[in-house]
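Thank you all for coming.

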Amino acid sequence: MTAYEASSLTTDAVCESGKYKVFDANNEIGFTNDEKIENEYLTIIKDGSGVGRTRKLQKNTYFIGTMGGILPKSSDVNWLYALMQRFDFGLYINGATIPHVYYSDYSKETINVPSFNEQTKIGNLFDGLDSLITLHQREHF
């Protein structure tokens, strides 16, 4: 269903220009010429503030090492994102001073998975709702 990508890219290795955009937990922070993920994917903050927060990123980008990547193999990315937005990472957070969440722990969770066609329909529905909410938020600010 998915594959996990661990990044060892540090902020010091991020360039001001390059081929592929690099993201941290909040924003685009620069570029790299060496690494990219060729399809849309998810990142999950694995260390520190915001641990467990999930985000969908565009293809041909990369992320720094404070996050982990979830790469859909036989799942629709929008469906997987909607699922992971509702996943309770709190059950898997470790650490008192700096919280951590490890893929090796939450990857053992059993999840019922609909057919790919159903995933696509569900994922598109939630993606459309997210876009509509964003549009309405912009109108009110």
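Predicted model: local features only at pLDDT ≥ 70, side-chain atom pairs only at ≥ 80, totals over all residues.

**A patch, a helix and some charged residues**

Let me begin on the surface, where Leu125, Leu129, Leu132, Ile133 and Leu135 form a nonpolar patch with about 440 Å² of accessible area together. Patches here are made of residues with over 30% relative accessible area and no salt bridge, with nonpolar side chains (Val, Leu, Ile, Met, Phe, Trp, Tyr) joined within 5 Å and like charges within 9 Å. The areas themselves come from the Shrake-Rupley method with a 1.4 Å probe, and for residues only the protein chains shown count as cover.

Residues are numbered from 1 along each chain as its sequence is written, and side-chain values use heavy atoms, with hydrogens and water left out.

Helices (H or I, at least four residues) and strands (E, at least two) are DSSP runs, numbered from the N terminus.

Turning to helix 1, residues 77-85, we find that 7 of its 9 residues are buried, among them Trp79, Leu80 and Tyr81. What do the buried residues of helix 1 pack against? They pack against strand 1, strand 4, strand 5, strand 7, helix 2 and helix 3, where contact means heavy atoms within 4.5 Å. At the start of helix 1, a side-chain oxygen of Asp76 comes within 3.1 Å of the backbone nitrogen of Asn78; a polar contact is a pair of N or O atoms within 3.5 Å, and within protein one must be able to donate a hydrogen and the other to accept it, with residues adjacent in sequence counting only if both atoms are side-chain atoms.

Strand 5 holds Arg55, which is buried yet has no salt bridge, the nearest side chain of opposite charge being that of Asp24, 4.9 Å away. In this count Lys and Arg are positive and Asp and Glu negative, while His and the chain ends are not counted. The side chain of Arg55 does, however, reach the backbone oxygen of Asp24 at 3.0 Å, and the residues that Arg55 touches, leaving aside those up to four places away in sequence, include Phe23, Tyr41 and Tyr81.

How many salt bridges does a search of the whole structure find? The search finds 2, a salt bridge being a side-chain nitrogen of Lys or Arg within 4 Å of a carboxyl oxygen of Asp or Glu. In one of them, Glu28 pairs with Lys21, with the closest N and O atoms 3.8 Å apart. Lys56 also forms a salt bridge, with Asp127, where the closest N and O atoms are 3.2 Å apart. Lys56 lies in strand 5 and Asp127 in helix 3, so this pair ties together parts that are 71 residues apart in sequence.

I will finish with Asn60, in the loop between strand 5 and strand 6, whose phi is near 60 degrees, a positive value in a residue other than glycine.

Technical notes
Buried < 20%, exposed > 50% of the residue type's maximum accessible area, 1.4 Å probe, protein only.
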